[in-house]
Amino acid sequence: MKAVANLKFILQYIIKPRTTGAILPSSRFLARKMVADINFATAKCVVEYGPGTGVFTEELLRNRNENTVLLLIERNEDFCNILREKYSGIPNLHIIEDSAENIGAHLQAHGFTHACRILSGLPFASLPPQISENILTETRKFLSPQGSFTTFQYTLFKKKIFARYFSNLAVKREFRNVPPAYILTFRH
């Protein structure tokens, strides 16, 4: 199953490089670092942007408590189909085929005003600037005041854009990923 998912991921990168952003899914090492700071004992709603084939989702599911609601927002129809195949029937996990720009409507539809945590696998370096701006505006608006936004990037090129929306930046590095990645965690 993993080999098939990797092939589908590579195909999506070839077809849609601006929205897929990488040739291979993220490593489990990167996934562990992405979710490491989440307090799952108190997290009521965690949102994942761009879950792709579900590498971060697996780590979220492995660590969450049964009452934590996971909203997976994925724009790519093929990735949504993979996610539905893998996770159908899992309580409190919702796969949403849409842009992260619409996080507010999806939180409201599931009974939330804010997300405790937002994780992002989106390729901000290759997204059109206006879409990046829209997503970051909405992320700031719908992230709880005590929450945090965690994303990963392959370079620190877009760090200044994130800093316009968030402060209190913490940076980690994961070399066991292809390519190595920076994990950026922001708070209000």
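## Strands S1 and S2

Val-46 has Leu-70 as its bridge partner in strand S2. Strand S1 (residues 45-49) and strand S2 (residues 69-74) run parallel and are joined by five bridges. Strands here are DSSP runs of E with at least two residues, helices are DSSP runs of H or I with at least four, and both are numbered from the N terminus.

This is a predicted model, in which local features need pLDDT of at least 70 and side-chain atom pairs count only at pLDDT 80 or more, while totals for chains, interfaces and linings use all residues. Residues are numbered from 1 along each chain as its sequence is written, and side-chain values use heavy atoms, with hydrogens and water left out.

## The sheet

S1 and S2 belong to an open sheet of seven strands with mixed pairing, ordered S3-S2-S1-S4-S5-S7-S6. Two strands pair if DSSP finds at least two bridges between them. Strand S3 (93-97) and strand S6 (167-174) are the edge strands, each pairing on one side only. From one strand to the next, the twist averages 15°.

## Helices on the sheet

Helix H4 lies across S1, S2, S3, strand S4 (115-120) and strand S5 (143-153), and runs at about 165° to S1. Helix H5 (residues 77-87) packs on the sheet, where H5 touches S2 and S3; its direction makes about 160° with that of S3. Axes are lines fitted to C-alpha atoms, for helices over the stretch in contact, and angles run from 0 to 180 degrees between N-to-C directions.

## Leu-61

Leu-61 is in helix H4 (residues 55-63). Apart from neighbours within four places in sequence, Leu-61 is in contact (heavy atoms within 4.5 Å) with Leu-70, Tyr-87, Ile-90 and Leu-93. Leu-61 and Tyr-87 are 26 residues apart in sequence, and their C-alpha atoms are 10.0 Å apart in space.
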